[in-house]
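Work through these exercises with the coordinates open. Each task is followed by a solution in steps.

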Amino acid sequence: WRLKYILLFLVIAGSYLMVNALKLQAKPRGIQAGMAVLLGAAVIFMLVMRRQKRWTQAMGIRMVLLMGFVMRIGYMLYTPATLRGHDLFELETAAYGKAGYLLRLAVEGRLPETNLLQLYQQPFFFISGAFCSRILNWILGRSELFYLVDAAKVVSCFVSCMTLLLAKKLFHELGISLGSTLFGMMLVAFAPVFYLTGGRMSEDALCTFFMLAVLVYTLYWEKEPGWK
C-alpha cells in the first residue's frame, strides 16, 4: 500500500521537473488546457459508465480523488511560489521570512539563528522542502535562489493530495455511507483553499495534513488501543 504514495510523489515531482525543463511554468494556459483535458476525460468516463449501468459510488469516489489530484498538481505547476505567497519576504539567505528560513537550510544546511518574523514556524516542512528542492534543482541543473524556494512547493502539493486520501479514510472510520462520502470528498477535492495551500512554499498544507492524521489515527487507536 505504500507504493501508491511513493508513486503519487513521483508523479508530482516528475510533473514539476517536466514543466520546468520545458519552461512551461510561464505559460499557464498550456498547463490549464492539460488539466481541462484530464478533467473532461474523467467526466466523460463517468457518463459512459452511468449510461452502461456500470456506475458505482465507489467508482465515483475514485474519480473525485483523481480530479482532486489534477486540480492540486496543475495549480502548483503553473503558480510560482512568489505568486499568492504567504510571508515569504525577500528571497535571500539572510532574510527573516519563510523564504530565508528555507534558503538557510537549502544553501547553508542550518536552521535560522533567530525567531524574527516568521521563524517561529515548525522546522519539519522547511527541512523536507529544502531537501526536496535541492534534489529537484540538482536534476534541473539550477542553483538560483528563486528556484530553490519554488521547488519546495512540491512537498506542499504532495501533502495536500495526501490530505484528500486521509479524508476518505476519515469518512470510512466514521461509518459514513458511500453516497455521503462521495459528497464529502467533492468538498475536499474542489475547495480552493486546498489548491492555494498545496501550491505554496509554506507549512500550511503540512499542518492541515497532520491535524487530520491525528484525528484519523485517534479513531484507529480507539478501535485498537496499543503502542503502534
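**Exercise 1. Find which residues ring pairs link into a cluster, then classify the pair Phe-125 and Phe-126.**

Solution. 
- The model is predicted.
- Ring pairs join Tyr-101, Phe-125 and Phe-126 into a cluster.
- Two values describe a pair of aromatic rings: the distance of the centres and the angle of the planes.
- The centres of the Phe-125 and Phe-126 rings are 5.3 Å apart. That is within the 6.5 Å limit for a pair.
- Their planes are at 80°. An angle over 60 degrees counts as edge-to-face, so Phe-125 and Phe-126 form an edge-to-face pair.
- Phe-125 and Phe-126 are both buried.

**Exercise 2. State which residue lies over the face of Tyr-147, and at what distance from the ring centre.**

Solution. 
- The residue is Arg-142.
- Its distance from the ring centre of Tyr-147 is 3.9 Å.
- The distance limit for a charge over a ring is 6 Å.

**Exercise 3. Describe the surroundings of Ser-156: is it buried or exposed, and what does its side chain reach?**

Solution. 
- Ser-156 belongs to helix α7.
- Its relative accessibility is 1%, so Ser-156 counts as buried.
- Its side chain reaches the backbone oxygen of Arg-200 at 2.7 Å.
- Leaving out residues up to four places away in sequence, Ser-156 touches Phe-125, Thr-197, Gly-198, Arg-200, Ser-202 and Ala-205.
- Phe-125 also belongs to the ring cluster of Exercise 1.

**Exercise 4. Find how many residues the largest nonpolar core has, and which element gives the largest share.**

Solution. 
- The largest nonpolar core has 69 residues.
- Helix α7 supplies the largest share of this core, 13 residues.
- Among the residues with the most contacts inside the core are Val-154, Leu-136 and Met-185.
- Val-154 touches Phe-9, Ile-12, Ala-13, Tyr-16, Met-76, Cys-132 and Leu-136, with residues up to four places away in sequence not counted.
- Met-185 is one of the buried residues of α8.
- Helix α8 has 13 residues and spans 18 Å from first C-alpha to last, close to the 18 Å expected.

**Exercise 5. Compare the phi values and accessibility of Lys-23 and Phe-89.**

Solution. 
- Most residues other than glycine have a negative phi.
- Lys-23 has a positive phi, near 55°. Phe-89 also has a positive phi, about 60°.
- Lys-23 lies in the loop between α1 and α2. Phe-89 is in the loop between α3 and α4.
- Lys-23 is exposed, with a relative accessible area of 60%.
- Phe-89 is partly exposed, with a relative accessible area of 43%.

Technical notes. Residues are numbered from 1 along each chain as its sequence is written. This is a predicted model: local features need pLDDT of at least 70, side-chain atom pairs count only at pLDDT 80 or more; totals for chains, interfaces and linings use all residues. Side-chain values use heavy atoms; hydrogens and water are left out. Helices (H or I, at least four residues) and strands (E, at least two) are DSSP runs, numbered from the N terminus. The expected span of a helix is 1.5 Å times one less than its number of residues. Buried means under 20% relative accessible area, exposed over 50%, partly exposed in between (1.4 Å probe, protein chains only). A polar contact is a pair of N or O atoms within 3.5 Å; within protein, one must be able to donate a hydrogen and the other to accept it, and residues adjacent in sequence count only if both atoms are side-chain atoms. Contact means heavy atoms within 4.5 Å. A nonpolar core is a set of buried Ala, Val, Leu, Ile, Met, Phe, Trp, Tyr and Cys residues joined through side-chain atoms within 4.5 Å. Rings of Phe, Tyr and Trp (its six-membered ring) pair if their centres lie within 6.5 Å; planes under 30 degrees apart count as stacked, over 60 as edge-to-face and the rest as tilted. A charge sits over a ring if NZ of Lys or CZ of Arg is within 6 Å of the ring centre and within 35 degrees of the ring normal.
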